[in-house]
Amino acid sequence: MNDELVLYTNPMSRGRIARWMLEEVGRPYRAEILEYGTTMKATAYLGLNPMGKVPTLRHGETVVTEAAAICAYLADIFPEAGLAPQIGSPLRGPYYRWMFFAAGPVEHALADKALGFIVPPERRGIAGYGSFDDVVTVLDGLVSQGDYVLGATFSAVDVYLGSQIGWGMQFGTIPRLGSFERYWERISTRPAALRARAIDDALVAEREAAKG
Ligand SMILES: N[C@@H](CCC(=O)N[C@@H](CS)C(=O)NCC(=O)O)C(=O)O
């Protein structure tokens with residue numbers, strides 16, 4: 001059976017989240033670097049991800065798109081990495097809860113923030129995330145109650161949600177609250193996170209050097 005892991009990514013993209021997760025899992029994988037507007041929109045790649053976006057993970061014949069789904073898939077398919085609570089564990093509910101909260105309301109809220117879109121107060125009932133401030137308040141409480149989202153144990157939800165918080169602070173779409181800074185410091189200094197960042201940073205540097 002072909003069970004090769006291939007990450008389709010660009011070093012300046014959410015593909016960094018998937019690479020971090022792959023490094024946490026610790027299995028060999030190969031990365032294919034795609035370019036914005038060209039190879040990402042080529043017919044061959046649209047067959048894998050019709051959105052023409054990165055990241056995409058291919059595991060043998062299985063194709064997974066969406067950074068959150070890639071994190072959840074890898075955690076489940078490689079349980080020995082200990083990155084997701086087992087089904088039946090009392091932590092499985094909170095794990096789903098915060099993974100989906102991060103992939104839906106949080107991603108939406110941060111994208112709207114970056115685009116300068118503010119939900120009119122009288123329409124908050126329609127927006128799944130309510131208001132940007134509500135999302136920040138919930139996240140502040142979440143990362144203040146323990147070392148990780150699930151308390152004492154690091155999991156795939158920290159890779160995904162943590163990336164949104166960390167890169168949100170870097171891009172100025174999320175406030176630099178003390179709780180966020182401390183949480184990001186805790187998770188982004190993990191060996192797997194450092195390895196992933198070094199690989200993508202080196203790819204960015206190579207591309208800058210090639211441009212001259
Ligand atoms: N919800 C998707 C978002 C993916 C996404 O928007 N990726 C951006 C890079 S961060 C992209 O590929 N943009 C290229 C394009 O839309 O042409 C995920 O979480 O994977």
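1. Strands here are DSSP runs of E with at least two residues, helices are runs of H or I with at least four, and both are numbered from the N terminus. Two strands count as paired if DSSP finds at least two bridges between them. From β1 the chain crosses through α1 to β2, and this β-α-β crossover is right-handed (clockwise from the first strand over the helix to the second, with the strands pointing away from the viewer).

2. The model is predicted: local features need pLDDT of at least 70, side-chain atom pairs count only at pLDDT 80 or more, and totals for chains, interfaces and linings use all residues. Residues are numbered from 1 along each chain as its sequence is written, and side-chain values use heavy atoms, leaving out hydrogens and water.

3. The sheet is open and mixed, with four strands in the order β2-β1-β3-β4. Its edge strands are β2 (30-33) and β4 (62-65), each pairing on one side only. Neighbouring strands are turned by 20 degrees against each other on average, direction ignored. Axes are lines fitted to C-alpha atoms, for helices over the stretch in contact; angles run from 0 to 180 degrees between N-to-C directions.

4. Strand β3 has antiparallel partners. Four bridges join β1 to β3, with leucine 5 opposite histidine 59. Four bridges also join β3 (residues 56-59) to β4. There, histidine 59 stands opposite threonine 62.

5. What of the burial of β1? Five of its five residues are buried (under 20% relative accessible area; exposed is over 50%, partly exposed in between; 1.4 Å probe, protein chains only). Leu5, Leu7 and Thr9 point one way, Val6 and Tyr8 the other. Helix α1 (residues 15-25) lies across β1 (5-9), β2 and β3, at about 155 degrees to β1.

6. The salt-bridge count is 13. The rule asks for a side-chain nitrogen of Lys or Arg within 4 Å of a carboxyl oxygen of Asp or Glu. Glutamate 107 meets arginine 14 at 3.1 Å, N to O. Glutamate 107 sits in helix α4 (residues 92-115), and arginine 14 in the loop between β1 and α1, 93 residues apart.

7. Arginine 92 and aspartate 76 also form a salt bridge, at 3.3 Å, N to O. Arginine 92 is in α4 and aspartate 76 in α3 (residues 67-77), so the pair ties together parts 16 residues apart in sequence. Arginine 92 is buried at 8% relative accessible area; aspartate 76 is partly exposed at 41%.

Key:
Contact = heavy atoms within 4.5 Å.
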